[in-house]
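Here are my notes on this one, in the order I'd look at things. Have the model open while you read.

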Amino acid sequence: MDEDRKILFDKERGQLDLSKKLIYSGLFYDGDNTAFDEFDKAYIDLDSVVSRVLDYDLPTFKTLSNELVHFIMDVLKDFFIMHGDTMQIYVVYSFDKSKIFTSVYPDWNKKRYERYKNARIMQFLNTALIPRLAKLGNTVKNIEIIKAKDSPVVSILKLLRMNASDANPVVITRDPHYSCLIAHIPNLSIYNGKNVLNAITLKDEKGYPNIHVALLPQYFLLCGMKRNEYAGIKKIGPKTAEKIINEDKLGVINYTNDTIAEVAKYKNLFTFEEV
């Protein structure tokens, strides 16, 4: 290997090692094997679990690319084997642009969706990852692999509504968009790669506002959601959004408040009223 290729290999090795840490932490809570024992159903947003990996360029070296897909599969298999006896596990993926959300707000997830136009990324997903996942799903009990018709969050919300009688569901995702689901499913927990959040603990999570969880959709509507590239209202930050909500809850809920009225046309991004 010449010097230039060695430098590139070492760089890609470093990115791969970081990707592995992100993937592992996305499914395993601080190394605690019992963290999900209380839940009866788990919904894994696979797009989110691997999204940070796709933020980097995939390895150009075949040995590293193969190592990445095998690592992802090994982590998923470990999770399935560890929890498949005690809970039903749904793995939901799309790896495609959401027509529902981009019809409301065209720039929604714009940069991430651009990644799905990358031929190498899609080849990795469609020929290396998804077929292996489907095969694994057929060999481990209590696992269902679902190709979402639109965004995974929409499919997961529908599953949660269908399984509304379940006592303790958990969604595994890094996407803060899912926190709005707690407004619809009060007993829902979310593992975000760092902490297990629910309607009670969410208020203690860094970056979340001091408001009732039912008003999270209106909060993000006001101040934006950077991860999903929704801008919100110019010059309305988290503190201002929190103040507006707490001073005029009824006006915010009914969209009669002058400030939130400016962005009421985007409300379905967070309220999921029409999905």
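1. Ground rules: this is a predicted model, so local features need pLDDT of at least 70 and side-chain atom pairs count only at pLDDT 80 or more, while totals for chains, interfaces and linings use all residues. Numbering starts from 1 along each chain as its sequence is written, and side-chain values use heavy atoms, with hydrogens and water left out.

2. Ala-241, Glu-242, Ile-244 and Ile-245 are buried here (buried is under 20% relative accessible area, exposed over 50%, partly exposed in between, with a 1.4 Å probe and protein chains only). Looking down the axis of α9, the buried residues fall within an arc of 165 degrees, so they line one face of the helix (the arc is that of the directions from the helix axis to the C-beta atoms). Lys-239 and Glu-247 are exposed on the face turned away from that buried side. The buried residues pack against α8 (216-223), α10 (249-254) and α11 (258-261) (contact is heavy atoms within 4.5 Å).

3. On to the sheet: six strands, open, with mixed pairing, in the order β3-β2-β1-β4-β5-β6 (two strands pair if DSSP finds at least two bridges between them). β3 (143-147) and β6 (196-197) are at the edges, each with a single partner strand, so one side of each has no neighbour in the sheet.

4. Have a look at β4, residues 169-172. Both of its faces are covered, with Pro-169 and Val-171 buried on one side and Val-170 and Ile-172 buried on the other. β4 pairs in the parallel sense with β1 (residues 41-45) over four bridges, where Ile-172 is the bridge partner of Ile-44. Its pairing with β5 (residues 189-191) is parallel too, over three bridges, and Val-170 stands opposite Ser-189.

5. What is the sense of the β5 and β6 pairing? Antiparallel, over two bridges, with Ile-190 opposite Leu-197.

6. The largest nonpolar core has 96 residues, and Leu-46 and Phe-80 have the most contacts inside it (such a core is a set of buried Ala, Val, Leu, Ile, Met, Phe, Trp, Tyr and Cys residues joined through side-chain atoms within 4.5 Å). Leaving out residues up to four places away in sequence, Phe-80 touches Ile-44, Ile-89, Val-91, Leu-133, Leu-136, Val-140 and Ile-143.
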